[in-house]
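Colleague: I am new to this one. Could you show me how to read its features?

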Amino acid sequence: MTAFGKLIRTTAFRLTLVYLFLFALFAASLLAYFAWNTRRLITEQITTTVNVEIGEITSIYNRRGLHGLLTTMGNRALRPGANLYLLTAPNGQALAGNVGSLAPGVMSVQGWSETAYRRIDDQDKTDHRALVRVAEMDNGFRLLVGRDLEERRRLFGIVAKAAQWSILVVVVLGIGGGIFVARRVLHRIDAMTGTTRRIMAGDLSGRLPVGRSGDELDRLAENLNVMLERIEALMTGLKEVSDNIAHDLKTPLTRLRNRAEEALARSGSEADYRAALERTIEESDGLIRTFNALLMIARAESGQARGNMDDFDGADVANGIHELYEPLAEDDGMTLQVKTAPAPIHGNRELISQAVANLVENAIKYGKPDAGVEPMKADAREILIEARREGDQVLLSVTDHGPGIPEGDRKHAVERFVRLEASRTLPGSGLGLSLASAVATLHGGELRLGDAHPGLVATLVLPARAGGSDRLAAQTQDVPQKAA
């Protein structure tokens, strides 16, 4: 398709033609209305003038008779201008006036008519048009008084020519403006099309160009760029997940196979077989928890969990997690505390409970203080769960006093299967913080990792439910799955 063909097929050019037609139609209607009113006003002026003159001439005839009438008609016929006068006898003979000829039958009908005529003093033989009135006087005399319509015709011609030029200018400017706008829009659309083709070819780093005008195309490009960034992040995450699954799940699967092979190779007792099966089941449970965590992260990141959202109190979640994990913390030599205030939330209770549970499990597992810290601080083995509202946000935080996470590693720590050097010797899959971050993003919030001096403060920052302080959801038991 040629460049001009693409140009005239654009929506902008077609809309310009539509608006051009409507504007030209409006301009023509406006000029036609002006011409019609001008014609009407001139006609009214003529009729008023003619009626006044007929009244004056009739009054003179009544006072001075036929001789005075003839004198008056002769004098008025000699005046320069466009007025017409004619007095005829009962037999139709012209007695006075400046009209040389009329269309047949004009003098025989009283009242107003528009007729062709010639003046007595006309040098050319061209007929003119006039608006005349014929009145019958006493004794059968007939009087014609009228006015030439050349002035009205000229004015109408001026208006018609102005209309023609105006419409021509409107059409030229409209088409020119349409081509300019269409080319500008087409240039930007072509740029967007080129970018989308690169993206479809596999280059997810491409972004649509955004101008400085802030118009609808710029807003569309900005929103599409945000969408592309989200798609690129999801695709990168998918690739990382695939790579991580291939690397991080290979070890437990290999270990599972080796144990089964070892159990078959040894001709041991029933107790040996049972122990091997128990270790196999335990390893399988770990794999199932890992896959469940991956599925839960995928649900959160895809937004599928938005259909199960409800109103509840974040304090109930914190209290439920405290009750569930307090025995586990005590068995590991830790103390689990809870501090809550009303924290109304609208969201998926199951996912938020799971996210808080992951933070608590991480704190129990990795939050043990260093050897040199415990004697200096009595609450070094304390883990604090907090739920509170700050403005239009709800904060669900878990604080420990362990080694924490260095600031440079915090952004990396929320990625899937990422385990820092200090935690590689402990069991886990590296998905706990990833799930918490995905749940926070699903609810329009974020996961913040801060410093507890010493230790780590992991906080789920979620939007507070509007008007949630008036009615809090009833407390229910939360039983999250392990995914830390």
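Modeller: Strands (E, at least two residues) and helices (H or I, at least four) are DSSP runs, numbered from the N terminus, and two strands pair if DSSP finds at least two bridges between them. This is a predicted model, where local features need pLDDT of at least 70, side-chain atom pairs count only at pLDDT 80 or more, and totals for chains, interfaces and linings use all residues. Residues are numbered from 1 along each chain as its sequence is written, and side-chain values use heavy atoms, leaving out hydrogens and water.

Colleague: In which order do the strands of the open sheet lie?

Modeller: Its five strands run β8-β10-β11-β13-β12, with mixed pairing. β8 (335–340) and β12 are the edges, each with a single partner strand, so one side of each has no neighbour in the sheet.

Colleague: In what sense do β8 and β10 pair?

Modeller: They are parallel, over six bridges, and Thr335 stands opposite Glu382 in β10.

Colleague: How do I read a nonpolar core?

Modeller: Look for buried (under 20% relative accessible area, 1.4 Å probe, protein chains only) Ala, Val, Leu, Ile, Met, Phe, Trp, Tyr and Cys residues joined through side-chain atoms within 4.5 Å. The largest such core here has 40 residues, and Ile321 and Leu460 are among those touching the most other members. Helix α8 (349–366) is one of the elements that give two or more residues, and α8 gives the most, nine. A second, separate core of 19 residues includes Ile46 and Met137.

Colleague: Is Arg119 buried or exposed?

Modeller: Arg119 is buried, at 15% relative accessible area, and its place is in strand β4 (residues 111–119).

Key: Buried means under 20% relative accessible area, exposed over 50%, partly exposed in between (1.4 Å probe, protein chains only).
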